[in-house]
Amino acid sequence: MMHQDGEEYEGEWKDNKYDGNGKTTMASGLVAYDGDWKEGKCDGAGKFQWASGATYEGEWKTGTMEGKGTYRLESGNVYDGEWKGGLRHGWGKHIIAVRPKVSSVYEGEW
């Protein structure tokens, strides 16, 4: 499906909503989300990429980062761990990087 703004969806449908496996591609060619959908929202395993270059790869629930996943920024900062309601929650490791070396690491509960 091609939207008027140039966004494209290729994948499975159910009841006229994205449902199953599929991906959205922005008009610029950037793959915004590639993974599982349920009732038109990211739900299950998938990878999302923002225009800034930041990515999240992991588990989703009703369009929100939920479960285990890895969030990466272009700067090299990385959070790998548990999420709840789109926020770091539970056990995780956050690396704040100043290239070419790591400047600090926190590993523990959020």
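**Strands and rings**

Modeller: Start with Thr55, which lies in strand E5. Keep in mind that this is a predicted model.

Biologist: Is Thr55 buried or exposed?

Modeller: Thr55 counts as buried, because its relative accessibility is 12% and the cut-off for buried is under 20%.

Biologist: What does Thr55 touch, leaving out residues up to four places away in sequence?

Modeller: Its contacts include Lys47, Phe48, Gln49 and Trp50. Thr70, Tyr71 and Arg72 are also among them.

Biologist: How many bridges join E4 to E5?

Modeller: Six, and the two strands run antiparallel. The hairpin of E4 and E5 has five residues between the strands. There, Gly53 takes a positive phi near 100 degrees.

Biologist: And what about E3 and E4?

Modeller: Five bridges join E3, residues 31-38, to E4, residues 41-49. They run antiparallel too. Tyr33 stands opposite Phe48 in E4. Two residues separate the strands of this hairpin, and Glu39 in the turn has a positive phi of about 50 degrees.

Biologist: New topic: how many aromatic pairs are there in the whole structure?

Modeller: The search finds 16. One of them is Tyr9 with Trp13, an edge-to-face pair at 5.3 Å centre to centre, with 85 degrees between the planes.

Biologist: Why is the pair of Tyr9 and Tyr18 stacked?

Modeller: Their planes are at 5 degrees, so the pair is stacked; the cut-off is under 30 degrees. The ring centres are 3.6 Å apart.

Biologist: Which charged end sits over the ring of Tyr79?

Modeller: That of Arg88, 5.6 Å from the ring centre.

Methods
Residues numbered from 1 in each chain as written. Predicted model: local features only at pLDDT ≥ 70, side-chain atom pairs only at ≥ 80, totals over all residues. Heavy atoms only, no water. Pairing = 2+ DSSP bridges. Helix = DSSP H or I, 4+ residues; strand = E, 2+ residues; numbered from the N terminus. Buried < 20%, exposed > 50% of the residue type's maximum accessible area, 1.4 Å probe, protein only. Contact = heavy atoms within 4.5 Å. Phe/Tyr/Trp six-rings, centres within 6.5 Å; stacked < 30°, edge-to-face > 60°. Lys NZ or Arg CZ within 6 Å of the ring centre and 35° of its normal.
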